[in-house]
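Subject: Structure handover

Hello,

Here is the structure you are taking over. Please open it and keep it in view while you read the notes below.

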Amino acid sequence: MKKLRNDINRKDKLIFSMLLDAIMVGFFAGIFSVLYRFVIMKMDMYRAFLYKEFNIKSLFILIVLASLISFIIYKLLKWAPLSGGSGIPQIRGEILGKFKMNEVPTLVSKIVGGGLGNLMGFSLGREGPSIQMGGAAAKFLGKSLRRPPDEIKYMITAGAAAGLAAAFNAPMAGAIFAIEELHKSYSKFVLLPALIASIVANYVSFVIMGAETSFSFFVTKSLPMKLIWLPIVIGILTGLVGGIYNHLITKFQDLFKKIDSKILKYALLMGVTILVGFMFFEGTGGGHGLLEKMAKERFAVKYILAILLVKLFYTTFCYGSGVQGGIFLPVLVIGGSCGALVFSILDGTFALNDYYINFIILGMSGILASVVRSPILSIILVSEMTKTFEHLIALSIVVMVSYYVAELLKVAPIYDTLFERQLKDKNLLTAKEKELGDYSVFEYTVSDDFVNINKSLRDIKFPRHLIILSIERDGSEFVPKADDLILLGDKITVLINAEDSLDIDEFFKGE
């Protein structure tokens, strides 16, 4: 009982004690994110030189380089198994106690492997690695400062949010990402540290890289109400394309898993990469420069279709291989292509010349909503990246239409799918998290999905052992007794074993 009271008292002070931690987490997450951006920028320049012209000499150099990079990436992934892919599902698994991330190997693998992959031309982005590096840096900091296990997990969340904020200069999106994508529920212990760390990381990015938004283009003129049907068209297209995208990632993952030979696996990856590099160089890399170019120039319909199809298939192919790299930036290119395609088809009929940028930005938001299935994040992230807040109605429409189209296709959100698939991978040390300690503190808000509303605690059959520290109701907090009821809107704070986190998480969220 004394321990329970201590846990409750520490919970009350936690929001203040984590302030300094959030600032430190934001600083280190910002440093690693900026470092990774710098590496990617340099690799973009070197890659352009590698694919400058096709001849026997350049092909030979690329084959030798591809062999060397394949070996390095293979060794890095063997050294840090959880460093593959974007890193976002791994961070969620870390928070839920299902994955054990080795911080230093993960940081090194993300920077080196991601940078070398970008040099070759993998169509993968920087945001996922920045998120995981932010989380890894936060975990290392928390362990070094000997913070309690639950505080370390809040620090990991804040670090991940800060990584996204620094990667795209989008602090609000970083905080929303922590709630909407990582925890999938509101908690002040999640939101406040994540927001503070995101702001600090964004400040670090501004100081080192310059106070600019992620993209240079922005909306200058909002769509008139008579054209409000256009976001619906873009939403339908991005919803369909996003559903296809999510489906292709799993198919290419299955393809690479069927290849037993590591040599054959990397030969296939590098062979396709070199082919794309010489035949359609614009399809290589994350695509930041391509999206900027698309916003400044008007491409022909055939060229836009080529960008859309190459990025759609090549990005899912690269990600399916399991190498280090994220999907946000390539997905934004795909979305921008969808918007540009709709514009090119309809411009001649409806004289849409003044709204070209609107179409690209609407496509970017729509594709994020269908792929990630986080509507608020999709709106805020794209708005912050393009300093565009003048057409939130159009953005909201395209996001919701795209979201519902993806739901109708019955294709799960990509990070949920990747997380579930990783839980089945025995090589990723699942369900044995002990390093952060044996317990964690989580907050849940009771919603309509919870099947035990109006039941007493005594009558509820919890899937795992837990201790309910407190219930907050109508602004008042109390320690419950066995006969107290769970009501709609209650905010419940629970203490659980780390290895039981996922089961309890699914129980309270009605999954």
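The notes below go through the cysteines, one threonine, the pockets and the cavities.

This is a predicted model, in which local features need pLDDT of at least 70 and side-chain atom pairs count only at pLDDT 80 or more, while totals for chains, interfaces and linings use all residues. Residues are numbered from 1 along each chain as its sequence is written, and side-chain values use heavy atoms, with hydrogens and water left out.

Cysteines

The structure has zero disulfides, a disulfide being a pair of cysteine sulfur atoms within 2.5 Å. The closest cysteine sulfur to that of Cys 318 belongs to Cys 338 and is 19 Å away, so the two are too far apart for a bond. Cys 338 is likewise in no disulfide, with the sulfur of Cys 318 as its nearest. Cys 318 is buried, at 0% relative accessibility, and Cys 338 is also buried at 0%. Buried means under 20% relative accessible area, exposed over 50%, and partly exposed in between (1.4 Å probe, protein chains only).

Thr 284

Thr 284 sits in the loop between helix H10 (262-279) and helix H11 (288-296). Helices (H or I, at least four residues) and strands (E, at least two) are DSSP runs, numbered from the N terminus. Thr 284 is buried, with 4% relative accessibility. A polar atom of its side chain lies 2.7 Å from the backbone oxygen of Phe 281. Leaving out residues up to four places away in sequence, Thr 284 touches Arg 47, Gly 121, Val 276, Gly 277, Lys 311 and Tyr 314; contact means heavy atoms within 4.5 Å.

Pockets

Pockets and cavities are found on a 1 Å grid over the protein atoms alone: a cavity is a set of points where a 1.4 Å probe fits but cannot get out, a pocket is an open set with protein on both sides within 12 Å along at least five of seven lines, and lining residues have an atom within 4 Å of a point. Grid points are joined across faces, edges and corners, and a volume is the space filled by probe spheres set on the points.

The largest pocket has a volume of about 920 Å³. Its lining has 27 residues, with Lys 257, Lys 262, Lys 265, Gly 322 and Asp 425 nearest the centre. By class, ten of the lining residues are nonpolar, nine polar and eight charged. Here Ala, Val, Leu, Ile, Met, Phe, Trp, Tyr, Cys and Pro count as nonpolar, Asp, Glu, Lys and Arg as charged, and the others, Gly among them, as polar.

The second largest pocket holds about 610 Å³. It is lined by 28 residues, and Met 41, Asp 44, Arg 126, His 288 and Gly 289 lie nearest its centre. Helix H1 (2-50) and H11 are the elements that give two or more residues to this lining, and H1 gives the most, with six.

Cavities

How many cavities of 30 Å³ or more does the structure hold? There are four. The largest cavity has about 70 Å³ of space. Strand E1 (residues 439-445) supplies the largest share of its lining, four residues. Among the other residues in the lining of the largest cavity are Tyr 154, His 183 and Asp 505.

The second largest cavity has a volume of about 60 Å³. Helix H4 (103-120) gives the most to its lining, with three residues. By class, that lining has four nonpolar, six polar and no charged residues.

Regards

Definitions and conventions: A polar contact is a pair of N or O atoms within 3.5 Å; within protein, one must be able to donate a hydrogen and the other to accept it, and residues adjacent in sequence count only if both atoms are side-chain atoms.
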